[in-house]
Amino acid sequence: MSTDGTVSIEVNGEHRRIVSGMSIADLAAELGLDPAKVAVERNLEVVPRSTLADVKVEDGDQLEIVHFVGGGQSDDDSWTVAGHTFRSRLIVGTGKYKDFAENAAAVEASGAEIVTVAVRRVNIADPKAPMLTDFIDPKKITYLPNTAGCFTADDAIRTLRLAREAGGWDLVKLEVLGEAKTLYPDMRETLRATEVLAKEGFKPMVYCVDDPIAAKQLEDAGAVAVMPLGAPIGSGLGIQNRVTIRLIVEGAKVPVLVDAGVGTASDAAVAMELGCDGVLMNTAIAEAKNPLMMARAMKAAVEAGRLSYLAGRMGKRRYADPSSPLAGLI
């Protein structure tokens, strides 16, 4: 038990700190679960449901909490990152729009539940100037503070410490850039920042190169999601290397999202057909001639790409294979 009266446990693979002396039933209730409708395994031993209110959770316990769901593919195709569950697999940025109102309208049209937000100094010359929170409610849309514009691990870490102080966020987007021309990530600095942030309790979703080895190193360092670039930030070139993206997906135990390079709806669909858990974009929507229409297109593309991936595409053939039989033709 720590000096603050809490203990460290693992629930369904996620590390948590809870108040010492809490019963399993109390923990279930805190998680929003009905103790009467779940089964609990504690350190590989099933705990009888009748005793859940009596069994106290101890430091180092590993709990598995399960319940019954319908068989087969659920209509609720949600995804989870660091214990947060979302239905939309599209994350959108909040830069480059003509104003906050257009930004908010685009977010609504996209159906996104997460928006990335840059951390910048308060305008002390005009403290009453409009703020993003006036248009996009952080109680309804998850803010994902990012480190856009940071070129060292130290700057990125400092930025996110301030973000946590400002809004209490621990789920964050980390990017540490190598230089201004390509905006490619500096993987050495990115890895160092990931290790520090993870030790401080942050849950970093990390922008990285499309390299399976680098992605695995980030995961081992504490990244809760890896986000390889499809192409340079803001380029709109689409996914340039489908092979490496697919290799990252196959090797990852955390969510994989394509971050950067998406230019149009078909690019987003390709990312999802490769098995990615989601797509993050900003410029493709913000700089479209009609941002709201493009936001709707991206929503549909992500959904279509996901369905296509789940359905499983047909095999490729070298020669034609007629849909209708040729036998019996007149």
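Exposed residues are those with over 50% relative accessible area, and buried residues those with under 20%. The legends below apply these terms to a predicted model.

**Figure 1. Overview of the predicted protein chain.** The chain contains nine helices and 15 strands. Its C-alpha trace extends over about 75 × 75 × 35 Å along the principal axes. Of the 330 residues, 42% are buried. Among contacts with a separation of 6 or more, 62% join residues 24 or more positions apart. The accessible surface amounts to about 18,400 Å², and carbon and sulfur atoms contribute 53% of this area. There are 36 positive and 45 negative side chains, with the centres of the two sets 5 Å apart.

Figure 2. Helix H9 comprises the 21 residues 291-311. Glycine 312, with a positive phi near 85°, follows the helix.

Figure 3. Arginine 296 belongs to H9 and counts as partly exposed because its relative accessibility is 46%, a value between the cut-offs of 20% and 50%. The C-alpha atom of arginine 296 is 9.4 Å from that of valine 107, although the two residues are 189 residues apart along the chain.

**Figure 4. Helix H7 and its surroundings.** Seven of the nine residues of H7 are buried, so this helix is largely enclosed by the rest of the structure. The buried residues are Ala265, Asp267, Ala268, Ala269, Val270, Ala271 and Met272. They pack against helix H6 (242-251), strand E14 (257-259), strand E15 and helix H9. Just after H7, glycine 275 adopts a positive phi of about 100°.

**Figure 5. Threonine 159 in helix H3.** Threonine 159 is located in helix H3, which covers residues 153-167. Its relative accessibility is 15%, so threonine 159 counts as buried. When residues up to four places away in sequence are not counted, threonine 159 touches Val119, Asn146, Thr147 and Cys150.

**Figure 6. Positive phi values at alanine 82 and lysine 96.** Most residues other than glycine have a negative phi. Alanine 82, in contrast, has a positive phi near 50°. This alanine is placed in the loop between strand E6 (79-81) and strand E7 (84-86). Lysine 96 is likewise not a glycine, and its phi is positive at about 75°. The loop that holds lysine 96 runs between E8 and H2.

Technical notes:
Residues numbered from 1 in each chain as written. Predicted model: local features only at pLDDT ≥ 70, side-chain atom pairs only at ≥ 80, totals over all residues. Heavy atoms only, no water. Helix = DSSP H or I, 4+ residues; strand = E, 2+ residues; numbered from the N terminus. Buried < 20%, exposed > 50% of the residue type's maximum accessible area, 1.4 Å probe, protein only. Contact = heavy atoms within 4.5 Å. Areas by Shrake-Rupley, 256 points an atom, 1.4 Å probe, with all protein chains shown as cover. Lys, Arg positive; Asp, Glu negative; His and termini not counted. Charge placed at Lys NZ, Arg CZ, Asp CG, Glu CD. Expected span 1.5 Å × (residues − 1).
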